[in-house]
Amino acid sequence: MAKAGHAWSRAAAQQDEAEEGEDPLDAMIARTGCLEQHRQLQECMAERQDWRHCQEQVRAFGACMARRQQQQQQRGPSPAQPTD
């Protein structure tokens, strides 16, 4: 007999995740062009469980994000974003 609160199945959970769509954070990072570096960092963190052992991936992701920010600054604010 199943315990109370454990009635859902793995298949139902996976279906719910598929219906929710892409993770908003992944979508935001994908727009930066740094998704591959982010995934490599996530994989390292999952494997090593300590960000200090993932410095190469941390630096690669940081450099990618810095390049993206620099490109944005050179272009100026987009019309969709209000300026202060």
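How do the axes of α3 and α4 cross, and within what distance do they come? In this predicted model, where local features need pLDDT of at least 70, side-chain atom pairs count only at pLDDT 80 or more, and totals for chains, interfaces and linings use all residues, the two axes come within 9 Å and cross at roughly 155 degrees. Residues are numbered from 1 along each chain as its sequence is written, and side-chain values use heavy atoms, with hydrogens and water left out.

The axes are lines fitted to C-alpha atoms, for helices over the stretch in contact, with angles from 0 to 180 degrees between N-to-C directions. That crossing makes α3 roughly antiparallel to α4, a label for angles over 145 degrees. Q37, H38, Q40, L41 and C44 of α3 touch Q57, V58, A60, F61, C64 and R67 of α4, contact meaning heavy atoms within 4.5 Å.

Let me turn to α2, residues 24-32, whose axis comes within 8 Å of that of α3 and crosses it at roughly 130 degrees, so α2 and α3 are oblique to each other. Here D26, I29 and A30 of α2 meet L35, H38 and R39 of α3.

Finally, the core: the largest nonpolar one, meaning buried Ala, Val, Leu, Ile, Met, Phe, Trp, Tyr and Cys residues joined through side-chain atoms within 4.5 Å, where buried is under 20% relative accessible area with a 1.4 Å probe and protein chains only, has 8 residues, namely I29, C34, L35, L41, C44, C54, F61 and C64. Helix α3 gives the most to this core, with 3 residues.

How values were computed:
Buried means under 20% relative accessible area, exposed over 50%, partly exposed in between (1.4 Å probe, protein chains only). Helices (H or I, at least four residues) and strands (E, at least two) are DSSP runs, numbered from the N terminus. Angles under 35 degrees count as roughly parallel, over 145 as roughly antiparallel, 65 to 115 as roughly perpendicular and the rest as oblique.
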